[in-house]
Every structure is written in structure tokens, then in C-alpha cells.
Amino acid sequence: MTDSTANAAPTRAADAPLSSALVYAIVALIAVGTASFHLSGPLGPDVSWLITVSERILAGGRLYIDILEPNPPMAGYLYMPPVLVARALGLAPEPLVVLWTVGFGLVTTGFAARLVATHKLLKHYELFWPVALLLFLSAWGEDFAQREHFAAMAGLPLVVVLALRAKGNLPRTGDWIVAGLAGGFMLAIKPHFALPILAGALYVAWRRRSLGPIFAPEMWLAGSLFAAFCLATLVFYPTFLENILPVATTVYIPDRRPLWLLLVTRAAVYFEVIMLIALVGFRRHVQLSPLLGVMFAMALGFFLSYLAQGKGYAYQILPGVALIGSFALLAFAEQAGEKRRRLDSALPLLASAVFAVMPMVDDVAQWNKRQALVDAVRPYGEGLRIANVTPDLTVGSPLHRLVRGELVNAPPGLLMSISAWRLRLERHPDPAWLARIEAFENAERQQLRADILARPPDIVVSSVKGFDWLEWATSDPDLARILSAYEQYAAVDFDGYELVLLKRPGLEPRT
């Protein structure tokens, strides 16, 4: 054996990709670990509320009439498959929602990983699936199974198909159909997701020096599905336009956080720091790698989507965080030297695992902060009717699900009234606009009165410090009369503020 041969052998071994068996084992471990964690505690407030929406639809409730969900219909139907199965089997839907989410993530990330490996879109393509699974499936904490979570996972096949076009390859028919379906699904979840899709297509157009990629078949399919979704909403849910859209466009949508505040939320800072690292250390990969370039562009698109919504909610920027985080870690692996190959395989996986675990730790902290509310209600038994007289939907959901009770509110909380209150503080509207705002706020108060009259609650949860929501409610004479019969029995600290709990006459803890 010559010296050169002896020296070459270790290099080839060090540079060998992770074996398929090892990748599958890591993926299985990630999936099982993620599912186990979320099966051990409650799902987040938005998901808990939307599970309730699905159940109410199945029970005969009319969306946008009896069920005042402020989002388009996809929000009410996203969790319908696991809720249907749970209903058929007589099970609680939450575990099936967890499995539904994990399964969806495995399929979408696995499909994208297969294309990355088949077309060698990365030098170290075997890292794509475990890194993507950790960041796109696991690193969501309380926002696990959110609508944005599904949109982020669904977007990965589209990312890879766009990367194939950027490389000059023609995707197979089945591949671009899956990508188009994914794009249409994203748009049905939120029209704002046109921004990341367009950003990815524009990157491909820039790279190919052609506008053709903007009109690729998957773009047409995604747009056509979204148009069909809009038409179906008009036909089957005209009350969305009549009952929801006027309130949303007048009160909810204009209630925006200032730009500076959007930029300094914790999740936005995560994105900005990783983006800065990517620009300083890995910007050449935007041009060198079609896949990484598309990921970078779509991450920016998700960031713009977050800014466009103007609410500052963490889950709205998490798709961008997942994409830019994947970009940085995979770019690090791509530019690493051959002699450090094993270490360079381990570092992206370890960093992804850290990013995945951090939100889980925060999620446990949120469970602990909110446990006092559950402990104050649970002694009164199951089947309780609970009224949420706050704008915080977390107060009602997942509380009523954890104690196996019923939320009497038609909407998740007093969302429009808090927006109206903030708008009056922040603006100097003309009298006509102010009258319109107050009319929507009064309508929400009347809806609360109707809900309480229709299903008298056993327990009312409200808050009086900061803004007195009980005083707000009792400005209606009928609500004042009804609530005067209730007695306050507890005050609990809840995630940074105090809640007061009222109970109906005669309700006593069960032994």
C-alpha cells in the first residue's frame, strides 16, 4: 500500500455520509420524543380552541353563526380528521391531534428529504431530514400543531421543488403536484403565505434570469386551489363575509403593534440574530446552493408575512425561524472541511436539538404558570359550563378541555373588544368611525349576554385589575343582573396577571 493510498482511506471514511439506517433511527427518535412530550401535557390555547370548533361543527353548530371563529374556514377544519376519528372511537381528540401533527411532519419532511437526496441538492444531503424534522416539527413548544406549524411543514416540498427549478431541473409531475397542493394548502391557512411563496419563486426567477418560474405549474396549481377555496367560502360560508369580515377589517386587523415592537419580540430577535449569522458567515450559499437560496428567500418571505400581520405573536414568525435556522445549519455543514466531517455532522444535529428543546422547556413553564387556574376549577367536577369574560382565549382554552367541561362562549374570547379598546387609546378617530367601533364592541357584549343566557355557566372567569372586564360586562343591565347572583370564590395568578373566579349559587366542590 502506498503512502498516498493510506492517507486517502481515512479521508473517504471521514467524509462518508451518515448511513440510511442511522438517519432513520434519528428520525424515529425525534418523532417519538416529540410525540411523547406533547402527549404529556395540554396543547396550546389556539389549537385547543380550534379542536372545540371542529367538535361544535360536528355537533351541528353553524360556523360564523353559532361559532364565532375569526379566521377563514380552514382554521375550523384543519383538525377535523383527528377529531372525527376521536369521535368515532370515543376518545379525547388531543392525543390524536398530536399524532396527526407528527405524522404530517414525517410525511412532508420525508418527501422533501427524498428529493434532496435523489437530486443531490446538498453535499451532505443525509442531514436534511433530521435537521428539518427537529426545526419544522419539534421546535414549536406551546405553538405545536398551530396553523403556522402545519403551513411551515407543508411548505418544505414546495421549497425543494423550487430548488430543483433553480438548479435547472424539471421536477417530475408527481413532485410538482405535491408542491402545488402544499402551496394551495398554505394559502388556504392564511393568504399572507403568498409572501414566502412569491419570495421563493422570485429567487428562482432571478437565478434563472427568467420570469418563467413564477408561472411554473406548481404556482398555477397553488393559486387555483386558493381561488377554489375562496369561492367555496363565498358559496358555503357567506356569513363569514357578513358576520366576521366587517368586524375584522374595522377592529381586529387595524389593531396592529408598532413596527419597533414587532422587531423586538423574542421570536423576532431569534430570527434576526440567525439571519445576521447567515449573512455574515454563509451568504455565498445563497448563490452557490439552489436549495439554500430558496430557503433563505422564503425565510425572508415569512418574516414579511409576520410584519404584515402586525400582531407580534411568536407563532407567526416561527416558520421563518425554522427556515433560516435550517439554512444556517445546513450551510455550515456544506462549507466544512472534509477532515472535520463527523464533527460537522454532529454539530448541526446538536444545534437543531437545542433549538427543539428550548421551546419545550418554555412550554413546561407555561403549563406551570397556568396550573393554578386548573386547580381552582377542577375540584368542582367534570361537565362544568365555563364562561370566559376576558379577551385572553387561554383563559377558556384549554381550561374547559382539561376539566372536561364546556366553554359557553361562541367566540374564543373578547378579542374584538380589546382591539376596540386599544384603538380608542391609540387613535383620534372621527365620530362616525368611533361609533362603528363602539357598535362592534357592544355587539360582542350582547353576544356574551346571549351565550350566558343560552347556557348559564357554573363558573365565570374574568379579571378586574388593569382593565376591569367584569365592569365592562356589567355595563349591560341584563348581564349585571345575571352576574350579581354569582359569588367570587378565588383569585389566581395566571401568566403575569390576576384572574377572579365566580361560581353560581349552590355549586360546591365534589368530594
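Helices H12 and H22 cross in a left-handed way, meaning that the near helix is turned anticlockwise from the far one by less than a right angle. This is a predicted model, in which local features need pLDDT of at least 70, side-chain atom pairs count only at pLDDT 80 or more, and totals for chains, interfaces and linings use all residues. Residues are numbered from 1 along each chain as its sequence is written, and side-chain values use heavy atoms, leaving out hydrogens and water.

The axes of the two helices come within 10 Å and cross at roughly 120°. H12 is therefore oblique to H22 (angles under 35 degrees count as roughly parallel, over 145 as roughly antiparallel, 65 to 115 as roughly perpendicular and the rest as oblique). Here is who meets whom, with contact meaning heavy atoms within 4.5 Å:

| Helix | Residues in the helix | Residues in the contact |
|---|---|---|
| H12 | 238–252 | Pro246, Val247, Thr250, Val251 |
| H22 | 431–454 | Trp433, Arg436, Ile437, Phe440 |

The residues of this contact divide into six nonpolar, one polar and one charged.

Next, meet helix H6, residues 93–118. Its 26 residues reach 37 Å from first C-alpha to last, close to the 38 Å expected at 1.5 Å a residue. Just after H6, Lys120 takes a positive phi of about 50°.

Finally, Pro191 sits in the loop between helix H9 (173–189) and helix H10 (194–208). Pro191 counts as partly exposed because its relative accessibility is 43% (buried means under 20%, exposed over 50%, partly exposed in between, with a 1.4 Å probe and protein chains only). The C-alpha atoms of Pro191 and Ser305 are separated by 9.3 Å, though the two residues lie 114 residues apart along the chain.

Technical notes:
Helices (H or I, at least four residues) and strands (E, at least two) are DSSP runs, numbered from the N terminus. Axes are lines fitted to C-alpha atoms, for helices over the stretch in contact, and angles run from 0 to 180 degrees between N-to-C directions. Ala, Val, Leu, Ile, Met, Phe, Trp, Tyr, Cys and Pro count as nonpolar, Asp, Glu, Lys and Arg as charged, and the others, Gly among them, as polar. The expected span of a helix is 1.5 Å times one less than its number of residues.
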